[in-house]
Amino acid sequence: MGQLMVDLIITLDGCASGEGWPGWWGLEGPEYLAWLEQEAGRERTYLMGANTYRLMSGMSADAAGAGGEYSDNESASLTGLAAVPKMVFSSSLAEPLQWPNSSLVAGDAVQAVGRLKQQHPGLLSTLGSLSLCRSLVAAGLVDRFRLVVFPLITGRTGSERIFEGYPDVALDMVDSRTFDGRLQLLEYVPRVIDGPPRGGAE
């Protein structure tokens, strides 16, 4: 049976992006970049929705071209995604998908991922796609919930507030690490709960 990981980078106040901020909020360091390179070599299949597909496939194509808006590290990460298997859950896209190694899955994403976990023996990992992540967590399909927390509060410029619309979720920590003395990796096993415990810890 496959393992499903929701994999997100966030600010301390839970934002996935912010107006005017560069990639990785400009805070990537050598330890974090080395870890990203190591993770890129780990076999996995990425799961994403249509909006993330459109955004990331365009960025990957731009990075592979002559555009100079990306740093060398960003370009390497973006172009490397072309070689990785990707499954796109969408009712609005049509085959064939132009981004290499991308497969289109129509219909209910939660049901499809449930079947995929039964059939796929390897690692499944989300890429962006906040609403897809939220649905998969709520359905109890997520085996690992991994965050890299960047030391910023983007109260004025932050967007894509990750946890809005989530159910209550208990998190059992299984790993943690600090990169470059400032970025915090936190990995949990998530467990959807009904709400606050009655008369004791959940």
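Arginine 146 has glutamate 187, in strand S10, as its bridge partner. Strands here are DSSP runs of E with at least two residues, helices are runs of H or I with at least four, and both are numbered from the N terminus. This is a predicted model, where local features need pLDDT of at least 70 and side-chain atom pairs count only at pLDDT 80 or more, while totals for chains, interfaces and linings use all residues. Residues are numbered from 1 along each chain as its sequence is written, and side-chain values use heavy atoms, with hydrogens and water left out.

S10 (residues 183-192) runs antiparallel to S7, joined to it by five bridges; two strands pair if DSSP finds at least two bridges between them. S7 also pairs with S1 (residues 3-11), this time in the parallel sense and over seven bridges. Threonine 11 is partnered there by phenylalanine 150 of S7. S7 itself, residues 144-150, is mostly covered, with six of its seven residues buried (under 20% relative accessible area with a 1.4 Å probe, counting protein chains only; exposed is over 50%, partly exposed in between).

Leaving out neighbours within four places in sequence, glutamate 39 is in contact with Arg44 and Arg146 (heavy atoms within 4.5 Å). Glutamate 39 counts as buried because its relative accessible area is 12%.

Among contacts between residues at least 6 apart in sequence, 70% join residues at least 24 apart.
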